[in-house]
Amino acid sequence: MIDPAIDPVPGTGAAGSDPAAPAAEGAARIARIRSRMPLLAALRDELTTTQPFAGRTIGVSLHLEPKTAVLVETLAAGGARIVGTGNHGSTQDDVVAALQASGIEFFGRRDDTLDDHRANLERTLAARPDMLLDNGADLALGTVAHGFAREVVGGTEETTSGGFRLREEGVAVPFPVIVINDSRIKAIGENRHAVGQSAVESLMRITNLQVPGSRFLVIGYGWCGRGVAQYLAALGGKVGVVERDPVTALEAAFDGHRVGALEELLPWAEVVVTATGRPDALPASALEHVADGAVLANIGHFPWEIDVDALRAGARTSQVAPAIERIERGGKHAILLAEGRMCNLAGPNPKGNSIQPMDLGFLLQARSLERVAAGGLEPGPQGVPVEIEHGIARAMLAAMGAAR
């Protein structure tokens, strides 16, 4: 177990400062968020008695911020040993410090390089977890690569990107993985509304640009793309959509958005947001079509949707503000936000998704892990059991006071 006094969170606290200060700050932030998450509070009381994870080690890879910490605490209350890491570029150092101070084994810091992050994943896998709470399928595929996948009872996968990897990379995991992103609750509550709101809030906060009357291009019209487009349009933005599935593209048109090819809409857009869950949503071949001065942002899990290497190649770059990089190439310039990482979690003073939908989404995670721990599921990626979805939907309606 990590002792914060001898193995502190790298990058937290200035020289000569109180080493306990980051942990205290993180604990205060977690406490405030915890007080607004009634679904997890009720579950925590239940799990303290039922102990469904007693004797289990849950390996965790998640965007680590206060709401995530409440989920981690809840699983620990259910008897689990937690070993985990944040995701690259989104870890909040004071939250790591608070978890470490409470005895939970968590690694990572906000300034980690990609190599540092991979090392954190290796540290998590070295604990040989027998359950997984994964973002992007890094841990699930890592258990296969490290040869202990058959010791794993099962896990959950949070993201669109991770679901694609589990189903398309040709590596069959020999244990059940409930893909939370397949859930209708996750799609509506978290992807559409929480991501939609937080992406737009983050764009406004980071850039200080006006939404009403401005032109936005959303690449990908899955649930996250729908949400971003909806919230931009609600604030008066003009929204264009690039979507390769013709039926989904038709839906975007029915929703009132301009729909076209990438090369057609890039010169029109003042702000471009990628939301596909797949690499090269904004590929090198399309960069010449980006309008002069356009802002480029990503809301997908991995920082691979914008071809940042190609964008910077042969260009003159300068950091003009936190998370704002000016890139001059070919007589034009573009503004890249947060190095192509998730702009709602990788920008300055990140808030991430709003609290209530994450209370909902993390209850979905915890109940799904509880179901995995009970055994009897077929191996491989699969959807959330319908009885879990229906029960959580009823709980959320009650928490919202929706009958009022």
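Trainee: Why is asparagine 191 called buried?

Mentor: Happy to explain, and keep in mind that this is a predicted model. Asparagine 191 has a relative accessible area of 3%. Buried means under 20%, so with its 3% asparagine 191 is called buried.

Trainee: Where is asparagine 191, and what does it touch?

Mentor: Asparagine 191 is part of helix α8. Leaving aside residues up to four places away in sequence, asparagine 191 touches Asn181, Lys186, Gly196, Trp223 and Cys224. Glycine 227 is 36 residues from asparagine 191 along the chain, and their C-alpha atoms are separated by 6.9 Å.

Trainee: What makes the pair of asparagine 191 and asparagine 181 a polar contact?

Mentor: Their side chains are joined at 2.9 Å, and the cut-off for such a pair of N or O atoms is within 3.5 Å. The side chain of lysine 186 also makes a polar contact with that of asparagine 191, at 2.7 Å.

Trainee: What does helix α8 lie across?

Mentor: Helix α8 (residues 184–207) lies across β10, β11, β13 and β14, and runs at about 120 degrees to β14.

Trainee: Which strands stand at the edges of the open sheet, and why are they called edges?

Mentor: The sheet has 8 strands in the order β9-β8-β7-β10-β11-β14-β13-β12, with mixed pairing. β9 (258–259) and β12 (316–321) each have a single partner strand, so one side of each is left without a neighbour in the sheet.

Trainee: How do you know that β7 and β10 pair?

Mentor: Pairing needs at least two bridges, and 4 bridges join β7 to β10, which run parallel.

Trainee: Why is helix α4 described as largely enclosed?

Mentor: Of the 9 residues of α4 (residues 93–101), 8 are buried, so the rest of the structure largely encloses this helix. Among the buried residues are Val95, Val96 and Leu99. The buried residues of α4 pack against α1, α3 and β3.

Trainee: And asparagine 120, is that residue buried or exposed?

Mentor: Asparagine 120, found in helix α5, has a relative accessible area of 7%. The cut-off for buried is under 20%, so asparagine 120 is buried. Its side chain makes a polar contact of 2.8 Å with the side chain of aspartate 112.

Terms used
Residues numbered from 1 in each chain as written. Predicted model: local features only at pLDDT ≥ 70, side-chain atom pairs only at ≥ 80, totals over all residues. Heavy atoms only, no water. Buried < 20%, exposed > 50% of the residue type's maximum accessible area, 1.4 Å probe, protein only. Helix = DSSP H or I, 4+ residues; strand = E, 2+ residues; numbered from the N terminus. Contact = heavy atoms within 4.5 Å. Polar contact = N/O pair within 3.5 Å; in protein donor to acceptor, adjacent residues only side chain to side chain. Axes fitted to C-alpha atoms, helices over the stretch in contact; angles between N-to-C directions.
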